[in-house]
Amino acid sequence: YVVGKVTLTLHTAVGFSDVYAMHLGGNDGQWEFLCAGDAFRQLHDAVDASKRGDAVVSKEVWDKLRMHCRGVPAGSGGLVKLLNVVHPVEVQSNPPLRLPPRIFPIIEHYVPIPVKEKFKDGVGDKWLAELRRATAIFINLRGLELNRDGCDSTYMVRRTNDALKRMQQIIQHNQGYLRQFCVDDKGTVLIVVFGVPPFTWENNPYRAVKTAMEIRDALEAIQVDHGIGIASGDVYVGSVGSEFRHEHAVVGDTVNTAARLSNKASLNDIWLDEKTFDKAKSRVQFEHVQHLKVKGKNKMIQVYRPVGFNRFAALEGNAVQLLGRSNEVKTFMMAVLSLKTGATSTKKGRSAFWITGDAGVGKSALVSKFYQLARAHFRAYYVAGDAVSTRDPFYAIKTLLTDVLELHGVDKKVKHERVMEAIGDSKRLKPYAFLLNKMLGVSFECTLAKLKRDKLHRFFGDVPAGNSNLKGTTQDGKRGSDSRASARSSQRASTSPPIVDPEDVDKDGKITEALVGRIIDHNRIKSGKGSVWILEDVHLYDKPSWRLLTRLRRKLLVDSIIVITSRLPEEGNTPRSQGSQANSLLDIKKEIYDFRASGGQHVPLEGLTDVKNIKVLLCQRLGCMDIEPQIVDFVYNYSKKGNPFLCVQVSRMLMAKNYLTFDRDENISSRKTMCRLGRGVDLSKIKLPTEVRTLITMRLDHLPATELLLCKLASVFGVQFDTGALFHVFRVEGGGANKFGSALMKLEKNRIISEVSSTAYRFTSPMLQEACEGTMSQELRASIHLNIAAYFEIQIHEEPEDEEIPTLDIPDVEKASLSPSGHRPSETRPPTQQVGWHCLKAALYSDSCQIEAAETALQYLSDLWNKSKVDSAAAQNQILQDACSIASRYPLALGAIHGSTDIAARTFFSLLNLRLKDRHAAAQ
C-alpha cells in the first residue's frame, strides 16, 4: 500500500482456539477488557514464520481451511502459508453497531482518559490527532501465562486482576496514561505513556522511570515475572481506524523501541534508551548495561538500567560557572557569615530568602551554589518539590524529618529509638507519637481511650489495637449483634490493627506541629551548630506540608537560614490534572507577601540581561574561546531574552545540526579558538529545539480547552493573524462564537498574544507559535488552511477588486522558506494573496486536497515566480520544488497555468514540466 512516498507492508498471522474474556482493573473507575487463550500463543510462532505480504496460519486454523484454500508449509509446528482461496465462502458483514443510550455510562469506564477530556471540553475528535514528545513504558508480563492451554482460568484471572490493579494504582499516582492492556503474540503486555494530554509534565522521563521502578517492586511482591522497556521520543497521538471502529492510539518508533527493550530485558529488570537516561539522570542513578541491536534500528542503541534515586545529584553535580548572579551570592554569604558569628538573632528576617522566576531562569543553579557554600559551615537540609508527590500528605515533611533524624536505611527499631529520643520526656506529646506513623514509617501504639473505631478510616499509619474500649467493634464501625459477633470482631481487632485519622485527634494540626517542632529543636541542640534549610519548588509541595512549614517558619529561623524557591504560575495556567493538589497562584502570592512583611527577602530572578554573560555561557557549553556576535545575538533573542536553559538548548541544537564551525589552535588542534556560523546557514530558518518545544507545549496544555483551540488555530496563520479570519475559522471548528472574545482577552492577559491593531494580534514569541503549530498533524493544518482560504474568498466576492493585484511584499525571512518545512510568519496581505497562500499550504500538507485549491496554489506560485521581488535563485528553486510537488499529486491542476498567454507564466510552466519529467525519470 503506497501513501505518498512511503510504502506500507503487512504480514498476517491467524490462530484458533477457545478464548475467555475478562473485565479487569476498576481503579478510579477505569476498566480494561482483555481476551486471552491458546490462539494468541499460536500467533507467536506464526508471526515469526511470516514475511512481508504473507498470511501464515496455525495448524488449528489450517484444519478448518484446508477444504477452501491452497497453502504450503511455513516452518515447523504445522504452520501453513496461504497462497489463494479455492472455494470462497460468502461472508455476511454485520451492520454498524448501534448502542442504546442507557449503556453509555457503563461504556464510559472503558474510554481512554484523553478522549474523555477532549469531548468533555466540547472539541471534535479530529483535534485528538497531535504530534508529541513523550516517554513510553512497555511492560511484558512474562509470569502471566494466559495463553497456555490447561491453565486454571479462575486462578489466572484473579492473579491478572491483582497485578493490573496494583499497576493501575501506581500509574494513577504518578499521573500517567495507561494506553493499553492486551494479549498478543508477545504475551501479556501493558503500555503506559507520559506526555499525552492531559498527562504532560516537564519531567516525563523521570516520572516514567519512577513508575517503572515502583511497578517492578509491586510485581516482585506478588511473584509475577516481567521485563520493562522505556524509550523517549516523538510519537503520533490520536484516533486510528475506520468510521465504524477506531481507537485512541500512541504510535511511533518510540513505542516500538520500548517494546523491543522490554522483550530483551533481563528477568524482572528495567532497560531504557539513552534519551530517557539523559533526561532522568539528575534524579536517578543508572548503570550502563550494553550496546544493543534491535529490530527496526540500523544503529546500536545504548541501554541503561535504574539502580536507585539520588535527590542530591542535581545539587552536587552542578560544576558550571554561575553567571550574572554575583549580587545574590554576596547577599547569601553575608547571611552565612552573620549566622556563623551569631549575629542573626537580632535580624530575624535577614536570614530568609524567597527566590522566584520562570522555568529555566537559573533557580536550581543558584540553590546549588547556596547548598555548596552552606555545607562548608553548617548542616544543610534539602527538600525539592515534586508534582508526583503532591498527592502524598506530608511528603515534604517526611523527607525533611528523615534527613534530620538520619532515618535512611535503618530498621524500624532504630527509627523508634531516634524518634522517641527527639520527642524526649514530654508527657504532653508522647501519647501522640502515633501521629508520626505514616509520616516516618514507624508504628507507635495508640493509647488514647477516646479514639472510637467508628471514626477511623484509612489515612494515617497502622496502630496496634490495645484499647479495651475498642473490643466488640467491627472493622466497619458497627457493633456485633451477639456474643459470637463480638468475639469475632475482637479477634479481628487483635490481628488487624485499626487505622487512625489524625483529623479526629488533631483537627487543627497543632499537635503535629508541636511534634515536628520538638524534633527540630532537638536536632539544633544536639548538633550544636546552625542549619540551612533549602526548600525548592514549594509551588509543588503537598498542602499539609506547606501549611505546617508556614507555621514552623519562626522555629526554623532560629540559628538557621531558609532558602525557598518557587515559580509564579500565570493566572489561569494551573495544571488541570493537578487540580487542588498544587498550591494556587493566590496561595503563593499571599505567602510571598506575608514572607516579605515578616522581614524575609524576595529575590526575583530574570534572564541574563548582559550579553557578555550569554557569550561566556555559550563558550562554556561549546568549548571554545570566542564566538561570533551574530550567534550570541541570535541565541539571546531566541531564548526569551537570556533564559539560561533556553540558551543552552539553542546552542546544543546549533551544534547537533552542524550549523557552527570552529577555528582550531595551530599548536593544539583540540583547542577551539573561534566559533563561527557555517557557510550558507540562514538563522531565520532554524526550527525550535525539541526540549524547548516540549517545555512550551506543556505550558499550553494547561490552558482551558477554548483558549488552547484558539491558540492552535491562530498558529496556522503565522506569528501575526487577522482576528476576522480567526473568528470565522474558530466558529467553523466548533469553538462557539460567544467564547471568542473572552478567550482572546485571557490569552492576552497571560501574555501569550498581544494586540497589534484593532483587527490583528500576534504571538508574543515566535516560539509559542511554532510550538503550538508543531503539535498538529499536516492533514489537520491543511483543513484549517482551506477554511482560511474560504474566508478570504468570501472577502474577495464581497469587495471586488477592479484594479490589478498589488505587488507581493515578501520579507527577506520568507524568500527561501515557502514550503511547510520552513517557518513563514504571516503578514497582513490583501484577500487575494491570502487565498493563494493558504491554498498553497493546504495542497502541500494534504494528499486529498480539493482540485480547486491545488489550481489556486499553482496560480499563486506562478505569480510569485513572475514578481520582480522574488529574485534569488534559492527562492525560485523553492517555488519550482513546491509547484512540482503539487503537480505530481494533482496532475489535473496543471490546467490552471497551461495555455497562459503571459510569457513569464509559459516559462514557468515549461520549467515545471522539465522538473516533472526529471522526477518521473528518476522514479523509473
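Which residues does Lys 712 touch, not counting residues up to four places away in sequence? Hold that thought while we look at the whole chain.

## The big picture

What you have here is a predicted model. Its protein chain has 924 residues, and 48% of them are buried. For secondary structure, count on 33 helices and 27 strands.

Now for the contacts. Take those between residues at least 6 apart in sequence: 70% of them join residues at least 24 apart.

## Lys 712 and its contacts

Back to the opening question. Leaving aside residues up to four places away in sequence, Lys 712 touches Lys 118, Trp 127, Glu 130, Cys 772, Thr 775 and Met 776. You'll find Lys 712 itself in helix H25, which runs over residues 705–717.

Is Lys 712 buried or exposed? The cut-off for buried is under 20% relative accessible area. Lys 712 comes in at 3% relative accessibility, so it counts as buried.

## Helix H6

Why can we call H6 largely enclosed by the rest of the structure? Because 14 of its 18 residues are buried.

Just after H6 comes a detail in the backbone: Gln 223 takes a positive phi of about 60 degrees.

How values were computed: Residues numbered from 1 in each chain as written. Predicted model: local features only at pLDDT ≥ 70, side-chain atom pairs only at ≥ 80, totals over all residues. Heavy atoms only, no water. Buried < 20%, exposed > 50% of the residue type's maximum accessible area, 1.4 Å probe, protein only. Helix = DSSP H or I, 4+ residues; strand = E, 2+ residues; numbered from the N terminus. Contact = heavy atoms within 4.5 Å.
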